[in-house]
Amino acid sequence: MTDKKWAFEDLEPGVTIPFGEKTVGAEEIKDFARQFDAQPMHLDEEAGKASILGGLSASGWHSCAIFMRMLYDALLVDSTSQGSPGITEARWKRPVIAGDTLTGQTTVLERRTLKSRPGIGLVTFRHLVTNQRGETVMEMENPIMFRMREAEDAA
């Protein structure tokens, strides 16, 4: 039997798992932008203030990367996760501004076993990332594959 906390059997619809907190710093935003999304509002404070975002802001892709680490720390690190076939939906609702502290949660929407992969189930999650004011900055939905404990016991 697996020693992981989260397996397919544990992830029933309605289960909610909270994320920890992450404060996003200006240098982190700029470092990510220099490598992956070098738009002015992600590289320069004045350009960020002059933009519709209102300040130096993390790229949406940077927000996704931060979310991924939060999801990993809250769930995936101690799970039977086998990866994901993709993202169903991703929406950036508000900018993540330098100095924001992010948190959030993930909630199981549905799950099903995979006939094509015995011992594996597909769990669909709804993820919310919020800032220190409780405003939703990002919402995502995606399925993730997890091994089943029962399948491991039979092996």
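## Ground rules

Residues are numbered from 1 along each chain as its sequence is written, and side-chain values use heavy atoms, with hydrogens and water left out. Because this is a predicted model, local features need pLDDT of at least 70 and side-chain atom pairs count only at pLDDT 80 or more, while totals for chains, interfaces and linings use all residues.

## Overall fold

Let us start with the chain as a whole. Its secondary structure comes to five helices and seven strands, where helices (H or I, at least four residues) and strands (E, at least two) are DSSP runs numbered from the N terminus. Read from the N terminus on, the order of elements is β-β-α-α-α-α-β-β-β-β-β-α. Along the principal axes, the C-alpha atoms fill a box of roughly 60 × 30 × 25 Å.

Of the 155 residues of the protein chain, 41% count as buried. Buried means under 20% relative accessible area, exposed over 50%, and partly exposed in between, with a 1.4 Å probe and protein chains only.

## The annotated domain

UniProt, in an unreviewed entry, places the feature "domain: MaoC-like" at residues 21–115. UniProt positions are given in the numbering used here, feature names are shortened, and annotations may be inferred rather than shown by experiment. Over residues 21–115 the chain is 38% helix and 23% strand, and the end C-alpha atoms of this stretch are 37 Å apart.

## Aromatic contacts

A search of the whole structure finds four aromatic pairs. Rings of Phe, Tyr and Trp (its six-membered ring) pair if their centres lie within 6.5 Å; planes under 30 degrees apart count as stacked, over 60 as edge-to-face and the rest as tilted. For Phe19 and Phe67 the ring centres are 6.0 Å apart and the planes stand at 65°, so this pair is edge-to-face. Phe19 lies in the loop between strand E1 (16–18) and strand E2 (22–23) and Phe67 in helix H4 (residues 60–74), so the pair ties together parts that are 48 residues apart in sequence.

Another residue of helix H4 is Asp73, which counts as partly exposed at 45% relative accessibility. Asp73 and Phe19 are 54 residues apart in sequence and 7.7 Å apart in space, C-alpha to C-alpha.

## A charge over a ring

The charged end of Arg111 sits over the ring of Phe8, 4.7 Å from its centre. The criterion is that NZ of Lys or CZ of Arg is within 6 Å of the ring centre and within 35 degrees of the ring normal.

## The largest pocket

Rolling a probe the size of a water molecule over the atoms shows where empty space is left. On a 1 Å grid over the protein atoms alone, a pocket is an open set of points where a 1.4 Å probe fits, with protein on both sides within 12 Å along at least five of seven lines; lining residues have an atom within 4 Å of a point. The largest pocket has a volume of about 230 Å³, a volume being the space filled by probe spheres set on the points. Of the 16 residues that line this pocket, the closest to its centre are Leu53, Ala58, Gly60, Trp92 and Pro95.

H4 and strand E7 (136–147) each supply at least two residues of the lining, and the largest share, three residues, comes from H4. By type, the lining divides into eight nonpolar, five polar and three charged residues. Here Ala, Val, Leu, Ile, Met, Phe, Trp, Tyr, Cys and Pro count as nonpolar, Asp, Glu, Lys and Arg as charged, and the others, Gly among them, as polar.

## Residues to visit

Helix H1 (residues 26–36) holds Phe36, which is exposed with a relative accessible area of 58%. Phe36 and Ser59 are 23 residues apart in sequence and 8.8 Å apart in space, C-alpha to C-alpha. Glu27 is also found in helix H1 and is partly exposed, at 47%.
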